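I set down here, in order, what I looked up in this structure.

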Amino acid sequence: MQTITVRTKSKKQVVNISDLVAQQLPKGDGVVTVFTPHTGAAITTANLDPGTDLDLLDFLDGIVPDRAWRHPHNSKHAPDHLLASIIGPSVSLPYQNGQLALGIWQYVVLIELDGPRERTVMITAQKA
Amino acid sequence: MQTITVRTKSKKQVVNISDLVAQQLPKGDGVVTVFTPHTGAAITTANLDPGTDLDLLDFLDGIVPDRAWRHPHNSKHAPDHLLASIIGPSVSLPYQNGQLALGIWQYVVLIELDGPRERTVMITAQKA
Amino acid sequence: MQTITVRTKSKKQVVNISDLVAQQLPKGDGVVTVFTPHTGAAITTANLDPGTDLDLLDFLDGIVPDRAWRHPHNSKHAPDHLLASIIGPSVSLPYQNGQLALGIWQYVVLIELDGPRERTVMITAQKA
């Protein structure tokens, strides 16, 4: 397992980590699991045409119901955790010849929901 | 890794790909990762009682906030990418004796969000 | 693969299964896939500060659009399946020295959407 650090720059941000993940891949073929050990960030894949990162953040804001949250200390912070749980902390995808098998418009992204922070990302490649 | 092609038939469609995945499994036990290298389609599992596929598509339509999207060329297309990101491009699940360990009402599905198209699905089995 | 049973106690419940998963890990390092073979429950990670489990259930209730569902027998049951599909049936995450690589506030959870029931969880560890 390789561990990298991603420094996010704002409260909410979609960060393209495809190259950082790709740099950790061994030669050959297999599956790589990209995981973030945080409850205010998530990992998925995304289209990153111009503005689509901000569309994704607006989308996430827009699906948060208007509720009073129980989360202690700062109830406004609750949706960050809830969105992280439904997006999920990890994505698993194949690699071939040491390269991520992403689509041409597809990127591995870390979605920061409570930044700016230093986020840890754990990358585990397993040969198939 | 095995690569298959799924031809979708409408703009939005839930396609049961369980049998296509199962056909690619080796003998023995392990984990299979089912991944689609697209940003307008997603992979998950679903109940497929009659009409539940259409319920899922209505559900997804219903959670899209009413916003102006930045996505270039065709802003109405943005939610397809955003839904794909929150559902996710892959699912990993166990297989035993060369069979998917799905529940009795559970299927592996490709959710088409911007069809009809030919979609690639990559199936990687890893022995446990 | 190890199979465990989780007995849920209410219609909707967030159950911390981190310790149950951790008990099934072998020594050494790898990736563990935690999967539930049901269409009315889901697996992810979550923050579990007091009340945040109920916040998550309220959040999920709140994003269900107000629609007439086609799902047979009991249309009110449809959102349970739909939420399970978007959260997903599994999470994959690394383990090190036989310990889950979770963040300090992060737990592996089963989200019960149609309980109380006995739910099966399949845990497959693969050495990296």
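**Entry 1: Backbone details**

I began with B:P116, which sits in the loop between β7 (106-112) and β8 of chain B. The model is a predicted one. I found that the peptide bond joining B:G115 and B:P116 is cis, with omega at about -5°. I then turned to chain C, where the bond from C:G115 to C:P116 is likewise cis, with omega near -5°. C:P116 is placed in the loop between β7 (106-112) and β8 of chain C.

In chain A I looked up A:N97. Its phi is positive, about 50°, although A:N97 is not a glycine. I located A:N97 in the loop between β5 (90-96) and β6 (99-100) of chain A. I noted these cases because most residues other than glycine have a negative phi, and most peptide bonds are trans.

**Entry 2: Confidence**

For chain A the mean pLDDT is 96, and 100% of its residues reach 70 or more. For the complex the predictor gives an ipTM of 0.97 and a pTM of 0.98.

**Entry 3: How the copies are related**

I repeated the superposition for chain B on chain C. A rotation of 120° with 0.0 Å of shift along its axis superposes them, with an RMSD of 0.0 Å. I then compared the surfaces used: only 12% of the interface residues of chain B are also interface residues in chain C, so these copies meet through different surfaces.

**Entry 4: Chain C against chain A**

I recorded the extent of this contact. Chain C contributes 33 residues and chain A contributes 29 residues. Between them the two chains bury about 2,500 Å², and 63% of this is on carbon and sulfur atoms.

I next searched for charged pairs, since side chains of opposite charge can pair when their charged atoms come close. Chain C and chain A share three salt bridges. In a salt bridge between these chains, the side chains of C:D58 and A:R70 meet at 3.1 Å, N to O. I also counted 14 residue pairs in polar contact between chain C and chain A, both residues at pLDDT 80 or more.

Which elements of chain C each supply at least two residues of the side that touches chain A? They are β4 (41-47), α2 (52-63), α3 (78-87), β5 (90-96) and β8 (118-127) of chain C. α2(C) gives the most, with 10 residues. By class, I listed 17 nonpolar, 11 polar and five charged residues on the side of chain C that touches chain A.

**Entry 5: Chain B against chain C**

I made the corresponding entries for this interface. Here 33 residues of chain B are in contact with 29 residues of chain C. Chain B and chain C bury about 2,500 Å² between them, with 62% of it on carbon and sulfur atoms. I asked which three residues supply more than any other three of the area that chain B buries against chain C. They are B:D55, B:D58 and B:F59, which supply 23%.

I found three salt bridges between chain B and chain C. B:D58 also takes part in a salt bridge, in which its side chain meets that of C:R70 at 3.1 Å, N to O. Across the interface of chain B and chain C there are 14 residue pairs in polar contact, both at pLDDT 80 or more.

On the side of chain B that touches chain C, the elements giving two or more residues are β4 (41-47), α2 (52-63), α3 (78-87), β5 (90-96) and β8 (118-127) of chain B. α2(B) gives the most to this side, with 10 residues. The residues of this side divide into 17 nonpolar, 11 polar and five charged.

**Entry 6: Salt bridges in the whole structure**

One salt bridge lies within chain B, where the side chains of B:K12 and B:D80 meet at 3.8 Å, N to O. B:K12 lies in the loop between β1 (2-7) and β2 (13-16) of chain B and B:D80 in helix α3 of chain B, so this pair ties together parts that are 68 residues apart in sequence.

Methods:
Residues are numbered from 1 along each chain as its sequence is written. Chains are lettered from A and ligands numbered from 1 in the order in which they are written. Side-chain values use heavy atoms; hydrogens and water are left out. Contact means heavy atoms within 4.5 Å. Buried area is the accessible area (1.4 Å probe) that two parts lose on being put together, summed over both. A salt bridge is a side-chain nitrogen of Lys or Arg within 4 Å of a carboxyl oxygen of Asp or Glu. A polar contact is a pair of N or O atoms within 3.5 Å; within protein, one must be able to donate a hydrogen and the other to accept it, and residues adjacent in sequence count only if both atoms are side-chain atoms. Helices (H or I, at least four residues) and strands (E, at least two) are DSSP runs, numbered from the N terminus. Ala, Val, Leu, Ile, Met, Phe, Trp, Tyr, Cys and Pro count as nonpolar, Asp, Glu, Lys and Arg as charged, and the others, Gly among them, as polar. pLDDT is the predictor's confidence in each residue, from 0 to 100. Copies are superposed by least squares on the C-alpha atoms of residues with pLDDT of at least 70 in both.
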